[in-house]
Amino acid sequence: MKAQHAILRFTKYKGPTVSRIEAHNERTKETYASNPNIKTELSKHNFHPVIPNGKYRDISNRIIREAGCRVRKDSVTTVEVLITASPEFFEKKSRKEIREFFSYAVEFMKSKQNPKTYISAVVHVDEKTPHMHLCFVPITSDAGRCPCR
């Protein structure tokens with residue numbers, strides 16, 4: 001059997017770019033020319049372990065404001081974690097098993113990042129390999145510091 005791996009990829013976003021990731025993550029675009037692997041007929045099966053309570057940028061700004069952080073125009077306001085595994089890992093997995101995997105991934109991330117800073121977590125099962133986009137505001141536990149630049 002081929003080795004299987006868990007994958008976490010972190011990407012930092014500033015200002016208006018947060019709206020673009022929201023459009024992709026929430027599947028609000030009509031077409032996805034940049035990603036032909038999306039099967040829109042399967043998008044109805046995507047699910048949210050963390051449901052956003054508004055627009056990503058508005059949520060990010062609110063969390064930053066409530067934490068009392070000072071930000072510059074070049075400050076990172078959102079971090080997105082892509083969480084997935086080797087394609088072979090998901091072979092023959094039921095929907096329930098896929099949900100359990102991503103539920104565990106959210107719990108793991110809670111041990112690393114305060115869930116009060118979460119914007120959204122959405123699992124895409126409408127592409128070749130199931131994966132989750134977990135977005136959060138990079139505020140640390142030490143006095144609400146915004147460390148990213």
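Which residue in E5 is the bridge partner of His 124? It's His 131. Keep in mind that this is a predicted model.

**Strand E5 and its partners**
- E4 and E5 run antiparallel, and six bridges join them.
- To get from E4 to E5, the chain goes through a hairpin of six residues.
- E3 also pairs with E5: these two strands run antiparallel as well, with five bridges between them.

**How E5 sits in the structure**
- Six of the six residues of E5 are buried, so the strand is largely enclosed by the rest of the structure.
- His 131, His 133 and Cys 135 point one way from E5, while Met 132, Leu 134 and Phe 136 point the other way.

- In soluble globular proteins, nonpolar side chains tend to be buried together.
- The largest nonpolar core here has 20 residues, and the members touching the most others are Phe 102, Met 109, Tyr 118 and Met 132.
- Strands E2 (47–50), E3 (76–85), E4 (118–124) and E5 (131–136), along with helix H4 (95–110), each supply at least two residues of this core.
- H4 gives the most to this core, with six residues.
- Leaving aside residues up to four places away in sequence, Met 109 touches Leu 8, Phe 10, Val 81, Ile 83, Tyr 118, Leu 134 and Phe 136.
- There's also a second, separate core of twelve residues, including Tyr 13, Ile 21, Cys 69 and Ile 119.

Notes. Residues numbered from 1 in each chain as written. Predicted model: local features only at pLDDT ≥ 70, side-chain atom pairs only at ≥ 80, totals over all residues. Heavy atoms only, no water. Core = buried A, V, L, I, M, F, W, Y, C linked by side-chain atoms within 4.5 Å. Buried < 20%, exposed > 50% of the residue type's maximum accessible area, 1.4 Å probe, protein only. Helix = DSSP H or I, 4+ residues; strand = E, 2+ residues; numbered from the N terminus. Contact = heavy atoms within 4.5 Å. Pairing = 2+ DSSP bridges.
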